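Thank you all for coming.

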Amino acid sequence: MALVQIVFSPTGGTGKVADIIAEEWEGPVTCVDLSDGKTDFSKIKLEQRDAALIAVPSYGGRVPELAAKRLMKINGNKAKCVIVCVYGNRAYEDTLIEMQDIVESCGFHTIAAVSAIAEHSIIHQYAAGRPDESDAEKLRGFAKKIYRKFMDDEPSASEFEIPGNRPYRKAGGAGLVPKATKECVSCGLCAKNCPAQAISKDSLKTADSKKCISCMRCVAICPQSARKANGALVSAAALALKKACSERKEAELFY
């Protein structure tokens, strides 16, 4: 049995959660980066005996459209999988149930689902420093239960309930498009690493608003801290989310 980790994690929070879970499994783990626009995902095919961890962040209660499009190109070939959605302490709404529909349309067999929390990718005071050690301890416990189910020759069908609604909530657009400040030295790292290829190497100061998904990778990786979203809009969003994000949420396992 090969273990495969399929992750969309532009700013690293989802990747941290996925790594904590996968580290509890025995054997090497092959990683597939859904944020890499240069990968031909249609060439990725699992074997039926394989096990996969598929993790994405929740964007407005939905699976990021770009991650969904890339994930749908992968051939699951009846491999078992656990789906993981990571959110910034507000809510994940229809993300998990949409993930289940996507992965099963690709041929995966869902045996478990996890919701987890990581620092908000835009408003960093919400879930700051998470996943923390308390989160990690809980996720490691989940991982052991999931691994036992992976090792079961005939796991039960998807009898467990995954929260969410069909039809899914309406997806929002890219509300915040980061721009370069005067500190930008035109190193091109943002253009090279943009998951949506929304930044041209010939025009680094701005991003294509039609392509940008507000993932904030360009902000997170800039060595000069020279890329930022509109401060007034971020402050307004922080105020609007204050009530929903102030109470600590905890990771959940469905299996």
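This is a predicted model: local features need pLDDT of at least 70, side-chain atom pairs count only at pLDDT 80 or more; totals for chains, interfaces and linings use all residues.

Where is the place of N77 in the chain? N77 sits in the loop between α2 and β4, where helices (H or I, at least four residues) and strands (E, at least two) are DSSP runs, numbered from the N terminus. Residues are numbered from 1 along each chain as its sequence is written, and side-chain values use heavy atoms, with hydrogens and water left out.

Back to N77, then: its phi is near 50°, a positive value in a residue other than glycine. With a relative accessible area of 26%, N77 is partly exposed, given that buried means under 20% relative accessible area, exposed over 50%, and partly exposed in between, using a 1.4 Å probe and protein chains only. S214 also has a positive phi without being a glycine, near 55°, and S214 lies in the loop between α5 (189-193) and α6 (217-221). S214, however, is buried, because its relative accessible area is 11%.

Two peptide bonds also deserve a look. The one from R130 to P131 is cis, with omega near 10°, and P131 is found in the loop between β5 and α4. The bond from R166 to P167 is likewise cis, with omega near 0°, and P167 belongs to the loop between α4 and β6 (179-180).

Let me turn to the aromatic side chains, where the structure holds two aromatic pairs; rings of Phe, Tyr and Trp (its six-membered ring) pair if their centres lie within 6.5 Å, and planes under 30 degrees apart count as stacked, over 60 as edge-to-face and the rest as tilted. W25 and F150 form an edge-to-face pair, at 5.2 Å centre to centre with 85° between the planes. This pair links distant parts of the chain, since W25 is in the loop between α1 (13-22) and β2 (29-33) and F150 is in helix α4 (residues 133-151), 125 residues apart. W25 counts as buried because its relative accessibility is 6%, and F150 counts as buried at 2%. Y87 and Y92 form a tilted pair, 5.3 Å centre to centre and with 55° between the planes, and both of these tyrosines are buried.

Which helix would I pick out for its cover? Helix α3 (residues 95-105) is mostly covered, with eight of its eleven residues buried, among them T95, E98 and Q100. The buried residues of α3 pack against β3 (51-57), α2 (65-71), β4 (80-87), β5 (109-117) and β8 (252-254), where contact means heavy atoms within 4.5 Å. After α3 comes G107, whose phi is positive, near 100°.

Finally, the chain as a whole has seven helices and eight strands, and buried residues make up 48% of its 255 residues. Among contacts between residues at least 6 apart in sequence, 82% join residues at least 24 apart. The C-alpha atoms fill a box of roughly 60 × 40 × 35 Å, taken along the principal axes.
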